[in-house]
Amino acid sequence: MNIILFGPPGAGKGTQAKELITKFGIPQISTGDILREAIANKTKLGLEAKKYMDAGNLVPDEVVVGLVEERLKNKDCENGYILDGFPRTVVQAEALDKIANIDKVIALDVPASEIVERITGRRTSRKTGKIYHIKYNPPVSENEEDLIQRDDDTEVAVIKRLENYEKQTLPVLEYYKEKNKTTIVNGSRKPEEITKELIEILGK
Ligand code: AMP
């Protein structure tokens, strides 16, 4: 089953993808994570991508399409995958259609008014990669407290990311709606409730 998890930045795509990969035994392919890894490894790609990312802009289509194309060739994608944060432009969606068959698109719907608070409070555990929120979902265990904030989770970058989402990424939702593959899910609920609904939808 090849799935796209769609939604604005901070909608909970990463959080939900992590639950779904355990449930369905397929990998999460997050272009954001791949790019952050390239930055951490100080590769040429990482250094180039960081400029766009820190400013809240999208990395050029040909770069991300190339990354995804390579990643989908991996053996672990044989039985399906969850795309998280890709495609983000219609050009990317069209390129994806040439290399993959997408079964379902799940769009997490969260109003723009909630996004800034969600993202600026977002923290990731350095140890486990688990995503928390300092106010709404702080870590319980002491071991989890090595939290880091993403460089692009600042208020200025978030506002830019939201603008770009509306301009460049929302048309992708229309693209998939026309193909009758899309389910819109209310993303303004407790993560567990959303996971339950996603499992129901994907189990069908
Ligand atoms: P994310 O972790 O999905 O929020 O992505 C973080 C940043 O990585 C985005 O704001 C973009 O700068 C870049 N990025 C991730 N995925 C894509 C994509 N599909 N197309 C272009 N840029 C992307």
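**View 1. Thr 195 sits in helix α8 of this predicted model.** Helix α8 covers residues 191-203. Thr 195 has a relative accessible area of 11%, under the 20% cut-off, so this residue counts as buried. Setting aside neighbours within four places in sequence, you'll find Thr 195 in contact with Gln 16 and Glu 19.

**View 2. Helices α4 and α5 run roughly parallel to each other.** Here α4 is residues 61-72 and α5 is residues 90-99; their axes come within 10 Å and cross at roughly 25°. That angle is under 35 degrees, so the pair counts as roughly parallel. The crossing of α4 past α5 is right-handed. On the α4 side, look for Asp 61, Val 64, Val 65, Glu 69 and Leu 72; α5 brings Val 91, Gln 92, Ala 95, Leu 96 and Ile 99. Sorted by type, the residues of this contact are seven nonpolar, one polar and two charged.

**View 3. The largest nonpolar core holds 28 residues.** Ile 4, Phe 6, Leu 72, Tyr 81, Leu 83, Leu 96 and Tyr 176 have the most contacts inside it. Two or more residues each come from β1 (2-6), α3 (44-54), α4, β3 (81-84), α5, β4 (104-109) and α7 (155-177).

**View 4. A close-up of Phe 6 and its contacts.** Leave out neighbours within four places in sequence, and Phe 6 is in contact with Lys 13, Pro 87, Val 105, Ile 106, Ala 107 and Leu 108, as well as Tyr 165, Thr 169, Leu 170, Val 172 and Leu 173.

Methods: Residues numbered from 1 in each chain as written. Predicted model: local features only at pLDDT ≥ 70, side-chain atom pairs only at ≥ 80, totals over all residues. Heavy atoms only, no water. Axes fitted to C-alpha atoms, helices over the stretch in contact; angles between N-to-C directions. Helix = DSSP H or I, 4+ residues; strand = E, 2+ residues; numbered from the N terminus. Parallel < 35°, antiparallel > 145°, perpendicular 65-115°, else oblique. Left-handed = near helix turned anticlockwise from the far one by under 90°. Contact = heavy atoms within 4.5 Å. Nonpolar A, V, L, I, M, F, W, Y, C, P; charged D, E, K, R; others polar. Core = buried A, V, L, I, M, F, W, Y, C linked by side-chain atoms within 4.5 Å. Buried < 20%, exposed > 50% of the residue type's maximum accessible area, 1.4 Å probe, protein only.
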